[in-house]
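Dear colleague,

Here is the structure we spoke about, followed by some notes on what was found in it. Please read them with the model open beside you.

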Amino acid sequence: MAQTIVPAVSVSPRPDPALAELLQSVVDTARAIFGAQASSIMLLEAAADELVFEAVSGQGQEFLVGRRFPAGRGIAGWVAASGEPMVVDDLRDNTAFDRDIAESTGYVPNALMAVPLLHGERVLGVLEVLDPSPQARAGLPELDLLCLFARQAAVALHLLTRQAPRPPLPPAPEDRTELLRLLGEARRLLGG
């Protein structure tokens, strides 16, 4: 099912400190959960038709934040356009993988997991986990866990960035209910 691509977050050179902290926490946690070499969040800037690195953990974290690339390229571009997750265990011969973009970042992974950050029907961006440990990408339960984690991040991102009069409005009841449901699902998947 194709998702609607809507500019959900205005990407600026000086992001809100709370937004930067949220996104960094997401990539740090995703990297730890999946034993990955790196993790990143790229937010969709639809007006420019670009994906923008907003948070990076591991390989490239010193210089990738703020880097942009065309939204229609590579696996991240496919995930953003389709709204569907993708796992690739061997990127050497994968036709969706854009080796030129990877090389330009200074890190070329061998495997990756990429999932859309979805809020309702809107694609906010893409969460990638690069070179996850082989056990962490073994099957659908792991992909489901990453998708669930990305949905939680998207709900939090939506709540943090939605336009509201000052002082901020409390979360809408449906947003709060969805966030609580997702947290319960994460606990169940993590066995706790």
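The protein chain of this predicted model has an average pLDDT (the predictor's confidence in each residue, from 0 to 100) of 80, with 78% of the residues scoring at least 70. Residues 1-14 have a pLDDT below 50, and this stretch makes 37 contacts (heavy atoms within 4.5 Å) beyond near neighbours in sequence. Residues 163-169 are also below 50 in pLDDT, and there the model has 2 such contacts.

Residues are numbered from 1 along each chain as its sequence is written. Local features need pLDDT of at least 70 and side-chain atom pairs count only at pLDDT 80 or more, while totals for chains, interfaces and linings use all residues, and side-chain values use heavy atoms, with hydrogens and water left out.

Among the residues making the contact are Leu19, Leu22 and Val26 of H1, and Leu145, Phe149 and Leu157 of H4. By class, the contact has 13 nonpolar residues (Ala, Val, Leu, Ile, Met, Phe, Trp, Tyr, Cys and Pro), 2 polar ones and none that are charged (Asp, Glu, Lys and Arg, with the others, Gly among them, being polar).

Kind regards

Conventions: Helices (H or I, at least four residues) and strands (E, at least two) are DSSP runs, numbered from the N terminus.
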